[in-house]
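Take a look at the sequence and the structure below. The text after them goes through a few places one at a time.

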Amino acid sequence: MSATEDPDTLEYEVLEEQEVPDILPVMPLKNFVLFPHMVAPLVVTTEQSKKLVGKLSERTPHFITALQRKEEIDEAHLTQDDIYRVGCVARMIKTINFPDGSTHILVEGLSRCTLKNLNTKTDYPTAKYRMIKDAKDTSVETEALARNASEKFQQIVTMSPNMPDELAIAIFNMNSPQQLSDLLATNLPVPIEVCQNLLAENQPGLRLKTLMEFLNREFQIQKLGNKIQSKVNETFSKTQREIFLREQLSTIQKELGEDDPQAGELLELEKSLEEAKLPKDARAAADKELQRLKAVPPASPEHGVIRTYLDVLSELPWNKGTEDLLDILAAQKILDKDHYGLEKVKERILEYLSVLKLKKDMKGPILCLAGPPGVGKTSLGKSVARALGREFVRMSLGGMHDEAEIRGHRRTYIGAMPGRIVESIRRCGANNPVFMLDEIDKVGNDFRGDPSSALLEVLDPEQNSTFNDHYLDVDFDLSKVLFITTANQLETIPGPLRDRMEVIRISGYTLQEKVHIARRYLVPKAIKAHGLKRIQIKFPNETLEQIIAGYTAEAGVRNLERQIANICRKVARRFAEGNTRPVEVTQRKIKGFLGPVKIEKDVAEREAMPGVVTGLAWTPYGGDILFIEATRMAGKGGLILTGSLGDVMKESARAALSYLRANADRFKLDETLFAKSDIHIHVPAGATPKDGPSAGVAIALAILSMLQNKPVRPDLAMTGEISLRGRVLPIGGLKEKVLAASRAGIKHIMLPEKNKVDLDEIPAEVKKKLTFKTVKNIDQALRYALKLSEKK
């Protein structure tokens, strides 16, 4: 019947097994339908239902279950319209009370029934009822439906892990379509409204037709689920199966006394690769090589090659890095403690640290510290690493000619190995170290490749996240590495490589800065290195100044450190021989420790002579002064240049001579003098090559001084290039040149007008000792120099 058919037209049955009262208690159910021949547990929570269960006994265990139309209606306020008219007569089998106050009962459905005259005024609902008897249906269609439903459900039980096998046996042995339909409705996921309609239907054939739709759907769901699970298990269990089989093999070998150490090594290697958390591409390459390793005999040479490759992959810090110390003030204290001065470099590092604190995934800048030797470029990298809390890695590029040292060797070569960058990161164990590339200006190139071209990818923040080492043959992320390079001169660095770096120039130290550095760092370091104590040796500031001025001539402090160490060695010998008195290294004792003064400041004291001027030069090792000498002799207007001058300086000399000849009247020179004389220009220290575009002014003044027989003050130094039109062109390296002039005792410096802005970089203590004159053209420069010389 349908859910809307009148129950009064149905055929009813009478239960014969036990006398059932005409009026039975009614237990409303929420979201559950009890079917005949079904045994199910029910949870009793409401007071009315608890009273109902309390009244039941072995003699009268019967009651009616009926589905509520709306779950939210409380049982105490139910009416006959709130309960479906068709329910199920049930028998209570067992009662269990739980500590939480709830009661669980086990019930068995007996027969469909219709409810009449529901009474809700008692402690629990009661009602009269009439049993509904299933219609007899012996048609072929119903039998076919029953067989089809039985086979389909048995297949579902076989595929479902949640259904017991006994259920399939029970279905197989069930010949009654009436009981079969009720059992299927009980065990299939059928909506509650459909369940109520099936309970109200007394035609088994119609019930089976309705259930076939849910049987087919459940069959497809179970089939698809098993297919998905099979694919997952096939992928997931493959590794497990291999591990299990290898464990079994290992156990068998141990029992036979044939323990295979190779199997243990492979398992350890697999574990290492798993813990390394390789990226997808690297993991695929590792798995492929691991399978090859298992197939290759241990005695084969290829076995060692593959094993080494897998070891490298497992040891690289793919996702392992150190945590940055983002305390800006603490980092500044560390930098100030380790280095005196170098404010620009410190400021840049603190700026990077500040941005990193605000943006965690910031790409590291590529810094290039350019300056002469001994100014602290390499040690500064160590301080940066300490300030950031990172690992420090240093790699020297000086003299490197082979590109494979950067990119690594391909594994097809015997003895192949990773590049030095990847290898250094592997050894430090972190993917975000401070990586110092020393002497980047001394990289060479030959038939083996050009390392500077390989560095283009390494030192490009936009590319190095996918750096491909030839040995690894997979991408490795270098974007978290803070690269710091060092160089003495930028001119030898290829343009594209120099363009990728942020250059920070470190010019050198003044006298007072060197004294501070010696006092704070060099002296304590030397005392400790030679086994002395601070009370055993003292270095007054005046002594340090004399050592710097008389025994060192450098932009950095490397030679100063050697001289201090030299003194400490001699003092250490005294104490080793039994001396117990502390030693104070006074100015009078320096000569006994270091010998005669090696550097005399005779520039200002030397005699002024016509044709001799002092120029300023820049070298990779800092600034320097040089003397330019000019003389003439009878000849035919030739120009002789000596002193190992480069092409640029030779051109500057020709330009200076041409300008003076073209303006002979302005400088009151005899024009015939040039035609009847040869002019010789010489720069002493001929064994040292000299070149650069900054000697034009000095050469022109030397020639003019010689021709006019007017000497130039020896404490006046000059720098600047000239054009044929008489303009004085700007130059580079002014700070290094000024510091060199200060060390040499120069008092006056003449420089191009356009270099006036560079004077801001000159330390204040140096500016106080010097006077500066800026000039726009050569006429102004020559007049100033000669006029200043007349005042002396």
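What follows covers a strand, a pair of helices, some cysteines and two further helices.

This is a predicted model, in which local features need pLDDT of at least 70 and side-chain atom pairs count only at pLDDT 80 or more, while totals for chains, interfaces and linings use all residues. Residues are numbered from 1 along each chain as its sequence is written, and side-chain values use heavy atoms, with hydrogens and water left out.

Begin with strand 1, residues 23–29. Helices (H or I, at least four residues) and strands (E, at least two) are DSSP runs, numbered from the N terminus. Six of the seven residues of strand 1 are buried, so the strand is largely enclosed by the rest of the structure. Buried means under 20% relative accessible area, exposed over 50%, and partly exposed in between, with a 1.4 Å probe and protein chains only. Two strands pair if DSSP finds at least two bridges between them. Strand 1 pairs with strand 6 (residues 126–132) in the antiparallel sense over three bridges, and Ile23 stands opposite Lys128 there. Strand 1 also runs parallel to strand 3 (residues 62–67), joined by four bridges; the partner of Pro28 in strand 3 is Ala66.

Next come two helices. Helix 2 (residues 140–159) and helix 4 (residues 177–187) pack at an angle of about 35°, with their axes 10 Å apart. Axes are lines fitted to C-alpha atoms, for helices over the stretch in contact, and angles run from 0 to 180 degrees between N-to-C directions. Thr142, Ala146, Ala149 and Phe153 in helix 2 meet Pro177, Leu180, Leu184 and Asn187 in helix 4, where contact means heavy atoms within 4.5 Å.

How many disulfides does the structure hold? The number is zero. A disulfide is counted when a pair of cysteine sulfur atoms lies within 2.5 Å. The sulfur of Cys88 is 6.8 Å from the closest cysteine sulfur, in Cys113, which is too far for a bond. Cys88 is buried, with a relative accessible area of 0%.

Further along, Ala282 sits in helix 8 (residues 280–295). Ala282 is buried, at a relative accessible area of 1%. Apart from neighbours within four places in sequence, Ala282 is in contact with Leu313, Trp318 and Val474.
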